[in-house]
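Hi there,

Here is the structure I promised to pass on.

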Amino acid sequence: MPLRGRLAPTPTGYLHVGHARTFAMAAARAAGAGLVLRIEDLDRDRCRPDYTDAAIEDLRWLGFSWTEGPDLGGPHGPYRQSERTGWYLEIWRRLAAERLIYPSPHSRRDVEEAATAPHATPHDDEPVFPATLRPAAWDLPREPGGVAWRFRVPDGRTIEFHDAVAGTVRRTAGVDFGDFVVWRRDDAAAYELAVVADDHAMEIAEVVRGEDLLTSTARQILLYESLGWRPPAWCHVPLVRDSQGRRLAKRAGSLAVRELRRRGLSPADVLSAGEHPPGKPDPVRKPEAQVSLQANRCPVRKPEAQVSLQANRSPV
């Protein structure tokens, strides 16, 4: 059954093949149930309006359409996270009033130097926050006050959830991840708080994103529980990688959609440029969906339209 979904680009660069494939899956799985375009532009230093415009143009060229977004409007706007600070502050106040979060002035270096537990094996790049850095007590301010705020996780608890691709996923608080930032020291909501607040407010029924965010899902489930909200369904797709196994990135000369478009490739060529790893099932099951992502083969293409993901060749 299709579930209301969302496309949520971050305008810190141009969309690449990996984004295109993930968004294609999100569009296919939401077909007929509603699809929201949300611009996640909370990084004031790196997000740019021209990247937002480029993302919308690239998504349109790829053949995607949405029912709500910054260009269309809708009942759940605004659709740019930079315009939703009041909503995030409301959530921050709820969490702070229940003392589920606390001010944390510690830098990443402080965390890395204090994280001495040999069993800590995080599944992402975020170091496990040591419990020794938690404050014994703190006053409740009216505003975040230019300091980072962290959510206190229930140490030792295993969060288990079902993912449409990965199946049963388990992450243990205090081992796989620690207390995490929900408000940044530059006085902006952090990723975990913002996406939970917005996915709930925008009535997103299924979140489709890259498999690198599986651990973030465990963190976000704790926020959903604390706020008394029902979490959406989850679908974490395999990342498109180069021949050396490195994930594509906006800052690493990756395969930008608009560059491939300039070279004369079609949307179908772009969407089939990176295949899922062998043995990974393709969770797009709807044959009537407007975008097809075949995991086992690429469609037949003219030689001049093929895209190389070889790391030792010049990036496009």
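**What I found**

G210 is found in strand β8. Before I say more about that residue, please keep in mind that this is a predicted model. With a relative accessibility of 10%, G210 counts as buried, because the cut-off for that label is under 20%. Leaving out residues up to four places away in sequence, G210 touches T22, H236, V237 and L239. One of these, H236, is 26 residues from G210 along the chain, and the two C-alpha atoms are separated by 5.0 Å.

**The chain overall**

The chain has eight helices and nine strands. Of its 316 residues, 51% are buried. If you take the contacts between residues at least 6 apart in sequence, 77% of them join residues at least 24 apart.

Helix α1 covers residues 17-29, which is 13 residues. From its first C-alpha to its last, α1 reaches 18 Å, close to the 18 Å expected at 1.5 Å a residue. How much of α1 is buried? Helix α1 is mostly covered, with 13 of its 13 residues buried.

Helix α2 also has an end-to-end figure to check: its 13 residues should span 18 Å at 1.5 Å a residue, and its end C-alpha atoms are 18 Å apart, so the two values agree. The buried residues in α2 are Y51, T52, A54, A55, I56, D58, L59 and W61. Their cover includes the helices α1, α7 (257-262) and α8 (267-271), along with the strands β1 (5-7) and β2 (35-37). After α2 comes G63, which has a positive phi near 100 degrees.

**Helix α6 and its partners**

Two packed helices are described by the angle between their axes and the distance between the axes. Helix α5 (residues 191-201) packs against helix α6 (residues 214-227) at an angle of about 60 degrees, and their axes are 10 Å apart. That angle makes α5 oblique to α6. The crossing of α5 past α6 is right-handed. On the α5 side, the contact is made by Y191, E192, L193, V195, V196, D199 and H200. On the α6 side, S216, R219, Q220, L223, Y224 and L227 take part. Sorted by type, the residues of this contact are seven nonpolar, three polar and three charged.

Helix α3 packs against α6 too, at an angle of about 75 degrees and with the axes 11 Å apart. Here the angle makes α3 roughly perpendicular to α6. Residues I91, R94 and L95 of α3 meet L223, S226 and L227 of α6. Four of the residues in this contact are nonpolar, one is polar and one is charged.

**V182 in strand β7**

Strand β7 (residues 180-183) holds V182. Is V182 buried or exposed? At 0% relative accessibility, V182 counts as buried. Which residues is V182 in contact with, leaving aside its neighbours within four places in sequence? They are I101, W149, R150, F151, A189, A190, L193 and L223. V182 and L193 are 11 residues apart along the chain, with their C-alpha atoms separated by 5.2 Å.

**Backbone details to look at**

Most residues other than glycine have a negative phi, and most peptide bonds are trans.

- G77 and P78 are joined by a cis peptide bond, with omega about 0 degrees. P78 lies in the loop between α2 (49-61) and α3 (85-97).
- R99 is not a glycine, yet its phi is positive, at about 55 degrees. R99 sits in the loop between α3 and β3 (101-103). With a relative accessible area of 46%, R99 is partly exposed.
- E203, again not a glycine, has a positive phi of about 60 degrees. The loop between α5 and β8 (206-210) is where E203 lies.

Happy exploring, and do write back with any questions.

Best wishes

Note on methods:
Residues numbered from 1 in each chain as written. Predicted model: local features only at pLDDT ≥ 70, side-chain atom pairs only at ≥ 80, totals over all residues. Heavy atoms only, no water. Axes fitted to C-alpha atoms, helices over the stretch in contact; angles between N-to-C directions. Helix = DSSP H or I, 4+ residues; strand = E, 2+ residues; numbered from the N terminus. Parallel < 35°, antiparallel > 145°, perpendicular 65-115°, else oblique. Left-handed = near helix turned anticlockwise from the far one by under 90°. Contact = heavy atoms within 4.5 Å. Nonpolar A, V, L, I, M, F, W, Y, C, P; charged D, E, K, R; others polar. Expected span 1.5 Å × (residues − 1). Buried < 20%, exposed > 50% of the residue type's maximum accessible area, 1.4 Å probe, protein only.
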